[in-house]
Amino acid sequence: MSGSVWMFSDQIDDEDMDFMRHEFVTYSMASDYYGLGLKPVTRMAHECGAIYKIGRKILIRRSIFEEYLRQKRKI
């Protein structure tokens with residue numbers, strides 16, 4: 001495993017492993033995984049600049065969004 005994921009391997013289940021394979025996620029995927037509503041996910045993704053638009057498809061860059069969540073948690 002890359003990064004520091006191996007340190008938490010005893011706490012990671014199949015859902016986590018499947019989610020970590022995606023560099024970009026949709027609003028609904030992020031909402032389901034993080035346990036937040038669509039509006040908070042949308043607002044926070046725009047605040048941190050993790051939004052990528054490809055045609056009509058809107059994706060969230062997971063690495064930027066998770067770093068933003070870590071910073072917000074510390075406050």
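A polar contact here is a pair of N or O atoms within 3.5 Å; within protein, one must be able to donate a hydrogen and the other to accept it, and residues adjacent in sequence count only if both atoms are side-chain atoms. Keep that in mind for T26, whose side chain makes a polar contact of 3.2 Å with the side chain of S28.

Before going on, a word on what you're looking at. This is a predicted model, where local features need pLDDT of at least 70, side-chain atom pairs count only at pLDDT 80 or more, and totals for chains, interfaces and linings use all residues. Residues are numbered from 1 along each chain as its sequence is written, and side-chain values use heavy atoms, with hydrogens and water left out.

Back to T26, then. You'll find T26 in the loop between strand 1 and helix 2; helices (H or I, at least four residues) and strands (E, at least two) are DSSP runs, numbered from the N terminus. A polar atom of the T26 side chain also lies 3.2 Å from the backbone nitrogen of M29. T26 counts as buried because its relative accessible area is 17%, and buried means under 20%, exposed over 50% and partly exposed in between, using a 1.4 Å probe and protein chains only. Leaving aside neighbours within four places in sequence, T26 is in contact (heavy atoms within 4.5 Å) with K57, I58, L59 and I60.

I51 is partnered with I60, while K53 is partnered with I58. Strands 2 and 3 make a hairpin with two residues between them, and G55 in the turn has a positive phi of about 65°.

E23 is partly exposed because its relative accessible area is 34%. Its side chain makes a polar contact of 3.0 Å with that of R61. Not counting residues up to four places away in sequence, E23 touches I60, R61, R62 and S63. E23 and I60 are 37 residues apart in sequence, yet 8.4 Å apart in space, C-alpha to C-alpha.

I60 turns up again in the largest nonpolar core, which has twelve residues, including V25, I51 and I60. A nonpolar core is a set of buried Ala, Val, Leu, Ile, Met, Phe, Trp, Tyr and Cys residues joined through side-chain atoms within 4.5 Å. Helix 2 (27-34), helix 3 (38-48) and helix 4 (62-74) each supply at least two residues of this core, with the largest share, four residues, coming from helix 3. Take A45, another core member: leaving aside its neighbours within four places in sequence, A45 is in contact with A50, I51, I60 and F65.

Key: Two strands pair if DSSP finds at least two bridges between them.
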